[in-house]
Amino acid sequence: MSDAPRRRTRGQALLAAGGVLLAVLLAIVLIGPLLAPYGAAKTSADSLAGPSALHWLGTDSIGRDVLSRLIIGGRITLLISFVAVAIALVAGLILGLVSGYVGGGTDLIIMRLLDVVFAFPVFLLAIAVVASLGPTVRNLIITIAIVYTPALARVVRGPVLSVKRWDHVEAARSVGIGELTIAVRHVLPLVISPVLVQTSLTLSNTIFTVTALSFLGLGPPPPDPNWGSMLAEARQFMELAPLTVIGPAAAIVLASLTFVVLANGLREMLDVAGR
Amino acid sequence: MIRMVVMRLLLMLPILLGVSIVAFVLMRALPGDFAQAAAGTNLISPETLATIRHNLGLDRPVWQQYLQWIAAALHGDLGTSFVTKKPVAGELLPRLAVTAELTAIAGLMALAMGGATGLASARLRGTTDWVVRVLNSVLLAVPNFVIATLIVLLFGLYFPEIGIFNYVPFHTDPAGNLTSMLLPAISLALTVSVTISENTRAAVLEVSSQDYVMVAKAKGLRARTILGNYLLRNALTPVITVTGLQLAALLGGSILIESIFTIPGMGQYLFDSIAARDYPVIQAIVLVAATIVLLVNVLVDIAYARVDARVSYE
Amino acid sequence: MSDAALLQVRDLTATFWGAGTALRVVNGVSFDIARGEAVGFVGESGSGKSITARAIMRLAPEGSSIAWGGSIRFGGQDLLTLDERAMRDVRGRRIAMVFQDPMASLNPVMTVGAQIDDVLRGHAGLSRRAARRRTIELLDQVGIRQPALRADDHPHQFSGGMRQRVLIAIAMSCQPDLLIADEPTTALDVTVQAQILRLLLRLRRELGMALMLITHDFSVIAGMVERVHVMHAGTIVESGAVDALFAAPRHAYTRALLDAVPRIGTGA
């Protein structure tokens, strides 16, 4: 495809941009408390202030620094997202590989079970689970992992199914090479590209789900700030201090955008199901 | 044809079963006590608690409770609300209608917006294509509740005289009802329109390169005729299918949007019930919502297979 | 000489533009087609014969951009300089084309009758009733049984050979002066191929229209056309009357093509 070199440079540009954003996110997660100029809970008399040298993004209704709360709040939001998706990834890989490779009845059962999860509107299921189990960090992580595992499992299963029939896999098998070796050496490399893209997209969706849940009050309990609850709280006085809304909104969008950009960059580079 | 429909409906049953089990288990696997929640915050004696427990059937084995619940649900009895003490079904139906209206409007908007941008992107290529695709990517990163909140902020700051929290029921004031639904519907529709836009673009590109489009040009037909009868009629089928499949996303999003714009729909009801620990309601909503999504998906699947029969050849 | 040629092509060139490079696929082709004459174009894929046909219809393949050069005189006009509106008037009405793959050439969501109707109503301005009558007539002419019933069927209800008949009916509907058939039988079963060729022959005789038959297979040409042009790498390498060419091909390439035709009794 004569388009290939152009896609490669486009992919590289997207990955670079995404990479920079990702670095910012990682910084927030890893050294957040060091970066935040104030603590998350430090109140002051200077409430609903606009941006100033002291407070780059102003303050909220009880005088807390918005920027600091964004950084600290980001930590928890991102941590939950990363951990949850990591779990979903592992679970999806295992289920997809087993289901695709073993095939037959096992495949059918696993896929039907995943279809049950799939049938629920993602957000509805998340709400229901968190509502019944209680909004703790642990439950949030479990919920999100459950909700996003089916999509990842499906993405893994596809290439596995098609590779299983390839000639050189048959040849390897006939020579007596063990199934596990075949799985790792032949199947896994093919699966990696679509999985990477899907993981990136899932991260973007997860950030949405986590912040949406906290927006509704079902996120990590106070006093820890997080972007969703900051957005919800800010609504009360938002005309007086728009930054209290724009701040969390921008943070959510930028974090989500990071992974959308990375996913697009990966797509272009790895030439996955091209556009 | 009939066989295919029956097959698909049959395949849906195990999933439906699984969905109902999940909905049931979710609410009964509570850290607290179901019977206690039924009693609310009143302090009651252990005897009264036991009576409540018996009335709710909680002293029977779990699988019996499940069967009882399912049997009742199939008869239209979705339990009794802990809060209002009235049948859930009666409370749910009007709210479901409101959410259905919001979802339908949002769905149509998403189809219109996504369809138009996707078509423009595919036909005009070049800069238009690039702009649409960049916008889509960015829009994908903006959650619907963020859009909704920003819209509320925008109106609060610059158009404070326009009321946006003024929902009125349809039968009271149809025009007012529809206008009050506009902003919420747009908030819901924007994210969904991205998927539709991408799919429309792909579908139009695919159809454009088909031989029958070339034949249509060779017949000397007008561009408008070719676009309508040859391009769109074929490209729109997969697009409408995709739109139908977006119902799940729309329903999920409606929970947030209804909260923000104070619209008394099913989503708002769910949220209130969670806060009030009204478990029968939560259970019923989860069941109803998942069932609707499943049904629509199967219908869409069937409709597409029917068209596909015409389109696919050996 | 009484009348000038129906179609006069002079120094035709076609250049593909893509990714900053130019690829010339037709490189100075010239030929005439007289009224009612049948001419064959033979060559391998990539020889430029299909693009030559598309030049006459001015139909570049979707998604590609082609720069045309030279001139194509038809009915007192140069087709390459006509505006799109005038060209649309020519397409389907005065020059019609039948393509290679009948399985993909019909709109799956429209009835077969509707796809003939729209040409009739678009070009000949017939009323719905008149178009319908003519459609049934055409279907009958091309050998579709029970035409009145079949007109309301969708393409997937027809076999490959029948679909090609429908496409021929579409092409004939406005009684064009010139019919271009680009590999009309390549995608069909061998038995059906002969039927379709016979149909084309019959229709041509009945309507007195000119035929431009494009193929890579010399055996298709035999009995169908009077003259043949052999194309290779974008140019015409040899031309002549069919029988003469068969008997004594001059160009090495022509000989190679002829040798490729399996002959009964030679074990080839």
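Gln141(C) sits in helix 4 of chain C, which spans residues 128-141. The model is predicted. Gln141(C) counts as partly exposed because 19 C-beta neighbours lie inside 10 Å, and a residue needs 20 or more to be buried. Its C-alpha atom is 30 Å from that of Pro61(C), a residue 80 positions away along the chain.

- Leu197(C) belongs to helix 7 of chain C, residues 190-207.
- Leu197(C) has 20 C-beta neighbours inside 10 Å, so this residue counts as buried.
- Beyond its neighbours within four places in sequence, Leu197(C) contacts Thr185(C), Val220(C) and Met224(C).
- Arg134(C) is 63 residues from Leu197(C) along the chain, and their C-alpha atoms are separated by 23 Å.

**Val298(B)**

- Helix 13 of chain B, residues 279-311, holds Val298(B).
- Val298(B) is partly exposed because its C-beta neighbours inside 10 Å number 17.
- Its contacts are Arg8(B), Leu9(B) and Met12(B), leaving out residues up to four places away in sequence.

**The largest nonpolar core**

- The largest nonpolar core has 230 residues.
- Seven members touch the most other members, and they come from three chains: Ala126(A) and Ile127(A); Ile282(B), Ile285(B) and Ala290(B); Leu178(C) and Met212(C).
- Helix 9 of chain A, residues 243-270, contributes the most to this core, with 14 residues.
- Nonpolar side chains tend to be buried together in soluble globular proteins.

**Chain A**

- Chain A has nine helices and zero strands.
- Read from the N terminus, its elements run α-α-α-α-α-α-α-α-α.
- Its C-alpha atoms fill a box of roughly 75 × 50 × 30 Å along the principal axes.
- Chain A has 275 residues, and 50% of them count as buried.
- Take the contacts in chain A between residues at least 6 apart in sequence: 72% join residues at least 24 apart.

**Where chain A touches chain B**

- The contact takes 34 residues from chain A and 39 residues from chain B.
- On the chain A side, the elements giving two or more residues are helix 3 (104-119), helix 4 (122-133), helix 7 (179-215) and helix 9.
- That side of chain A has 24 nonpolar, six polar and four charged residues.

**Helix 8 and helix 10 of chain B**

- Helix 8 of chain B (residues 174-208) and helix 10 of chain B (residues 223-245) have axes that come within 9 Å.
- Their axes cross at roughly 150 degrees.
- The two helices are therefore roughly antiparallel, since angles over 145 degrees count as such.
- The crossing of helix 8 and helix 10 of chain B is right-handed.
- Helix 8 of chain B brings Thr195(B), Ile196(B), Asn199(B), Thr200(B), Ala203(B), Val204(B), Val207(B) and Ser208(B) to the contact.
- Helix 10 of chain B meets them with Leu231(B), Asn234(B), Ala235(B), Pro238(B), Val239(B), Val242(B) and Thr243(B).
- This contact has nine nonpolar, six polar and no charged residues.

**Helix 5 and helix 11 of chain B**

- Helix 5 of chain B (residues 88-124) packs on helix 11 of chain B (residues 247-260) at about 125 degrees, with axes 10 Å apart.
- Helix 5 and helix 11 of chain B are therefore oblique to each other.
- Helix 5 of chain B passes helix 11 of chain B in a right-handed crossing.
- Helix 5 of chain B makes the contact through Thr99(B), Leu102(B), Thr103(B), Ala106(B) and Gly107(B).
- Helix 11 of chain B makes the contact through Leu247(B), Leu250(B), Leu251(B) and Ser254(B).
- The residues of this contact divide into five nonpolar, four polar and no charged.

Methods: Residues numbered from 1 in each chain as written. Chains lettered and ligands numbered in written order. Predicted model: local features only at pLDDT ≥ 70, side-chain atom pairs only at ≥ 80, totals over all residues. Core = buried A, V, L, I, M, F, W, Y, C linked by C-beta atoms within 7 Å. Buried ≥ 20, exposed ≤ 12 C-beta atoms within 10 Å, placed from the backbone. Helix = DSSP H or I, 4+ residues; strand = E, 2+ residues; numbered from the N terminus. Contact = placed C-beta atoms within 7 Å. Nonpolar A, V, L, I, M, F, W, Y, C, P; charged D, E, K, R; others polar. Axes fitted to C-alpha atoms, helices over the stretch in contact; angles between N-to-C directions. Parallel < 35°, antiparallel > 145°, perpendicular 65-115°, else oblique. Left-handed = near helix turned anticlockwise from the far one by under 90°.
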